[in-house]
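Work through the following exercises with the model open beside the text, and compare each step with the solution given below it.

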Amino acid sequence: MTDKTGNTSKVVEQEAINFAMAKSIADGDIVNFHFLFLPYSPLREDSTEDIYSIKYSYLLPTQEEEQSPTFKSALDLVLREDIREHINEQLHKKGPIQLLSELLLALADNAVRQEKFTSASQAYELLRIRRRMQELFFEQGERELIQGNISTAVRAYRIASSLEYDYGAFPEPLPAVPRYHEHALILHAEYKTHQIECIGNLALEDFLKTAFHYLFLLPEHASKITDKPIEIQTQFLIELIQQIDPNWGQFVQHVHETIPLMQELYQELKLRMERIASGNLWEDEWDEGLDTEKFLTISELLLGRKLNNPEWWAYLKELAYEHPPSILFISRQLIGKEQEIIIPRYNMANPIVQQLNLPPLPADM
Amino acid sequence: MDDETYINYFSILGLEENCKTGDVRKNYKKMMKDLILNIHSTEVTPDQLDQYLLAMAKLNAAFYILRDEVRRNAYVEHRKKVIQLEKQWCEVGENDPNSPEGDQLRREFDRVLRDFLTKYMEELVLEAGRDKECVETSNWDPYHERHASRVLRHYRQKQYSQIHERLPYYDVTKPTIDWGEREQAVKQILHAEKV
């Protein structure tokens, strides 16, 4: 279409509008969905942005995506006459837009299915049903637990907890997200008297309580499960750990790799303790000549890579990010007066340790 | 409409709006004493700690605001205004939330509401914690204040969100939620293969 001055005005095909809308709904992507309505959206005819340009190709579905049932169902919704009219009206409107609740609800459900929890909770919050949806997932989780469907129950609790909002966020409330890397540091900030009293060596009941409080977003979410019988809690935690960390096997493999070095470290420390006891070594000089560089490798092996910062807390934070539950099975270990590392430390008598395939460790000091 | 979501310091102290200053002091001292006894008689879990901190902060604020005539009148006025504005916005918004009048009312209400929540659910609550009489009665100290800032921000935003939930929809079309369908959707999501 060309106007009197010879400029070509932009035309956006209805198909592009339908497909872009349906894709964002099928993907459960609230950011893209919202973006499609903004003043500079490439779907608007008065915008200079072009939906067919390569930079916006992510907004349109691939051929494979077009065949997915989720996309087809979203497209059917978008093609409904009243909905299509509303979309077109909003795309031509100046000023604040009004999103369609039907589309938002479908988007939120798809986001939950794909575990895009921040997107889901934002959409439910916009619809003002987030708190009730959270309750529905907790209630269904409780029913599944009673029926013995641990895996489904864990999924329900995990979804419910992940739909939490952080009302303390500034300046507006935002979806709450787990901060494992921060909580891990708090958990390992200090042990009561000795490293041996780390989380992995706690009595089962205390271990479960600590684990649920660490893995769930809020204490009230954790307390929904900590009042159940210990056997249920144990099964629940094993399943929860595997669902939170689908790459758990990788961490187990890393633990295996640390064992020879841990054995060497323990032997070395034991020898030094014996020499101190027999008066052949001053207590203040217990770490003299200890090959700290070599034992630093334990932290590296546990994480699976070397960090520029060799401090124990740097490794702990990274590990908490990559394998959140692993934090429950490690502790700090002194390898020099001012040098600490993180090493695997847990109690083989703990049924959770056995069922998570963690290997036996060299005897502790 | 639930007026209690706009913090009612009179009902926190179990008083009527026309109460005397003497009653404010008497009820505050009794309720604070009961609360402190309650805290010391049980084992406090981390989430209970926040609740107790909030309860203590609210009692301090109720006393601090209601015992002073100027602060008390300003609070009553502000609360009345925000409740009135909500009523007006709801009346207009139910029919045409995006009309110019509706838009203006919504913005005005939002501004007054945020001011109210900030002043009476955060600023004056923290100020009350530094008041000599409140400090003596509640043993409020800088440690409490540091934690209370976080708890109060959370509480204020949550109240804002709860108020927001009952207002007319304007940025989203009003949804028709069939809770039976939602229950089924939850089951279907849980039993379907993870995408």
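**Exercise 1.** Is the crossing of α15(A) and α16(A) left-handed or right-handed?

*Solution.* This is a predicted model, in which local features need pLDDT of at least 70 and side-chain atom pairs count only at pLDDT 80 or more, while totals for chains, interfaces and linings use all residues. Residues are numbered from 1 along each chain as its sequence is written, chains are lettered from A and ligands numbered from 1 in the order in which they are written, and side-chain values use heavy atoms, with hydrogens and water left out. Helix α15 of chain A spans residues 292-303 and helix α16 of chain A spans residues 312-322, and the two pack at an angle of about 15° with their axes 10 Å apart. They are therefore roughly parallel to each other (angles under 35 degrees count as such). The crossing of α15(A) and α16(A) is left-handed, a term for a near helix turned anticlockwise from the far one by less than a right angle.

**Exercise 2.** Identify the residues through which α15(A) and α16(A) meet.

*Solution.* Ser299(A), Glu300(A), Leu302(A) and Leu303(A) in α15(A) meet Tyr315(A), Glu318(A), Leu319(A) and Glu322(A) in α16(A), where contact means heavy atoms within 4.5 Å. By class, this contact has four nonpolar, one polar and three charged residues.

**Exercise 3.** Is Ala176(A) buried or exposed?

*Solution.* Ala176(A) is found in the loop between β2 (174-175) and α10 (180-187) of chain A. Its relative accessibility is 15%, so Ala176(A) counts as buried (under 20% relative accessible area, with a 1.4 Å probe and protein chains only). Leaving aside residues up to four places away in sequence, Ala176(A) touches Ser162(A), Glu164(A), Tyr165(A), Asp166(A) and Leu217(A).

Terms used:
Axes are lines fitted to C-alpha atoms, for helices over the stretch in contact, and angles run from 0 to 180 degrees between N-to-C directions. Helices (H or I, at least four residues) and strands (E, at least two) are DSSP runs, numbered from the N terminus. Angles under 35 degrees count as roughly parallel, over 145 as roughly antiparallel, 65 to 115 as roughly perpendicular and the rest as oblique. Ala, Val, Leu, Ile, Met, Phe, Trp, Tyr, Cys and Pro count as nonpolar, Asp, Glu, Lys and Arg as charged, and the others, Gly among them, as polar. Buried means under 20% relative accessible area, exposed over 50%, partly exposed in between (1.4 Å probe, protein chains only).
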